[in-house]
Structures are given as structure tokens and as C-alpha cells.
Amino acid sequence: MAVCQHLQDDPRCGQHLIPVPSAFHVLLKSNMLQDEWELGKFLYHNLTQGQINDFLKLQWVTSTNPQPSFHTAEQLLSWLDVIPKGPTWQCTQICTEGYTMQEPIYLYWHDVLEVMWDIFGNPSFSEHMMYDPYYIYECTEHEYGEWMSGDKAHQIQNELPDGTMIVPIILASDKVPVMRMSGDHEMHPLFLTIVNINSEVHMKAKAHAWACMRLMCGTAAWT
């Protein structure tokens, strides 16, 4: 995915918010609004640095009110460079002793802690986060809602040093057939989210609270 592909489609991307590949959103101090972001994205994808500088020197651009916040290609690229890139993909080939595969199987994966911190640090979820276990009482009866309201959450939290918090992880996986006309390949993605995000939020697909942290592709046939 390029630097941004879902600015208009993602409802979380309001003014001043810039979406990036990891779905992390950064608040730009440069007051770069949506129109200016679209201009910068167009210049980045279609022009060389020299062409960008020539474009920004045009009288039509310099006389525009308001003018772009960036005045050179170097300044534009420096802003793009500070956008968080998110977790990096890594690849490991799966080898089995005594068997020969028709095609190699590769495991593509992210570091679990990188994915967890990427989700935890997403400001889109800041108003929907639970940072401490809690109790729910109806009169004197203890009721249970989110996992953070359970006894286990309190037990784990009480065992941690002061100033620390728990970030429980939820994993989900499924088998997804792909490329049926090319050898009946199957993908096996593993998705991750954190319990700290309110379940009403992380269970909504449009919230993008789940991140793919592992997937494996290969044929089911052995030789």
C-alpha cells in the first residue's frame, strides 16, 4: 500500500489526520489539510524532485491563497519520512524433514510487540481504551462485561509493579482460499487486537482494530 490510499474512504480520517500503511494516524503540526495532502501525494507519486521544485515555483502556485505549507521537494519528502511506517514484514521459509514440497512454503510475519504497540498507540482508539481493570456492580451483585471487568484481569494487574498496566492480546485465524486457478493455494492469516480497546469498537470491521501479524501461503500437496 502506498503512503495513503484510503483518506476519503476511511471515516476515521478527518481533517488534520493522515492515514499511513499501518493504519496509524498522525496529527501534523504543519496544519496540512486534506486538499494539501492530496496535492503532496500527487506530486510524490507522479513527479521527480526536480519537477516538484519547478511546479512549486510556478506563479500560479506562488500566487495561490493559501499556498502549500511545503515550498520544496526536500521539505515535502522530509514530512513524508517522519510518518510512522508501522511494523515491518519478515519472511521465514518452512522446512520439513523427510518431505519434499511441490512448492516452498513461506511464513510472513510481524513482531508481536511491534503490532501490539502500533495498535495501542493509534490515537483513533484513544477514547475507547481501558487502561485499568474495573468492577461492575448491580446493587451488591458483581456483574461481568468486558474482560477487564473480570477477576483474572485484577489478579494479573495486582501482580505487576506500580506504574505498569496489562495489555491482553486477542488472536484470531482462518483459512482463506486464494488463486484457485493457480494450484489451489491457501492463505492462513493470523490477526491480532488488544483487549484494552472496547469490544464494541474492535469488533467493527471499519474500525481497523485488527492487524494481520502472520500469514502463510502454500499448496496442500506433498511429493
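# Helix packing and loop residues

Trainee: In this predicted model, which residues in H4 meet Gln49, Ile52, Asn53 and Leu56 in H2?
Mentor: Start from the H2 side, where Gln49, Ile52, Asn53 and Leu56 make the contact. H4 covers residues 73–81. Its residues in the contact are Ala73, Leu76 and Leu77.

Trainee: At roughly what angle do the axes of H2 and H4 cross?
Mentor: Take the separation as well: the axes of H2 and H4 come within 8 Å. They cross at roughly 115°.

Trainee: Is H1 parallel, perpendicular or oblique to H2?
Mentor: H1 spans residues 34–46, and H2 spans residues 49–56. Their axes lie 8 Å apart, at an angle of about 140°. An angle has to be over 145 degrees to count as roughly antiparallel. Therefore the class of H1 relative to H2 is oblique.

Trainee: How is H1 set relative to H4, roughly parallel or roughly perpendicular?
Mentor: The axes of H1 and H4 are 11 Å apart. Their packing angle is about 105°. The range from 65 to 115 degrees counts as roughly perpendicular. So H1 against H4 is roughly perpendicular.

Trainee: Which residues of H4 make the contact with H1?
Mentor: H1 brings Trp37, Gly40, Leu43 and Tyr44. The contact of H1 with H4 divides into 6 nonpolar, 1 polar and no charged residues. H4 brings Leu76, Leu77 and Leu80.

Trainee: Step back to the chain. What percentage of its 223 residues is buried?
Mentor: The chain has 7 helices and 11 strands. Its accessible surface is about 14,300 Å², and 55% of that belongs to carbon and sulfur atoms. Contacts with a separation of 6 or more come from residues 24 or more positions apart in 52% of cases. The buried share of residues is 33%.

Trainee: Is Met165 buried, partly exposed or exposed?
Mentor: Met165 sits in the loop between helix H6 and strand S7. Its relative accessible area is 28%. Buried needs under 20%, and exposed needs over 50%. So Met165 counts as partly exposed.

Trainee: What distance separates the C-alpha atoms of Met165 and Tyr131?
Mentor: Beyond four places in sequence, Met165 touches Phe120, Met130, Tyr131, Gln157, Leu160 and Asn196. Tyr131 is 34 residues away from Met165 along the chain. Their C-alpha atoms are separated by 6.8 Å.

Trainee: What is the phi of His208?
Mentor: His208 lies in the loop between H7 and S11. At a relative accessible area of 40%, His208 is partly exposed. Most residues other than glycine have a negative phi. His208 is not a glycine, yet its phi is positive, at about 55°.

Trainee: Near what value is phi of Cys139?
Mentor: Cys139 lies in the loop between strand S5 and strand S6. It counts as exposed because its relative accessibility is 72%. Its phi is positive in a residue other than glycine, near 60°.

How values were computed:
Residues numbered from 1 in each chain as written. Predicted model: local features only at pLDDT ≥ 70, side-chain atom pairs only at ≥ 80, totals over all residues. Heavy atoms only, no water. Axes fitted to C-alpha atoms, helices over the stretch in contact; angles between N-to-C directions. Helix = DSSP H or I, 4+ residues; strand = E, 2+ residues; numbered from the N terminus. Parallel < 35°, antiparallel > 145°, perpendicular 65-115°, else oblique. Contact = heavy atoms within 4.5 Å. Buried < 20%, exposed > 50% of the residue type's maximum accessible area, 1.4 Å probe, protein only. Areas by Shrake-Rupley, 256 points an atom, 1.4 Å probe, with all protein chains shown as cover. Nonpolar A, V, L, I, M, F, W, Y, C, P; charged D, E, K, R; others polar.
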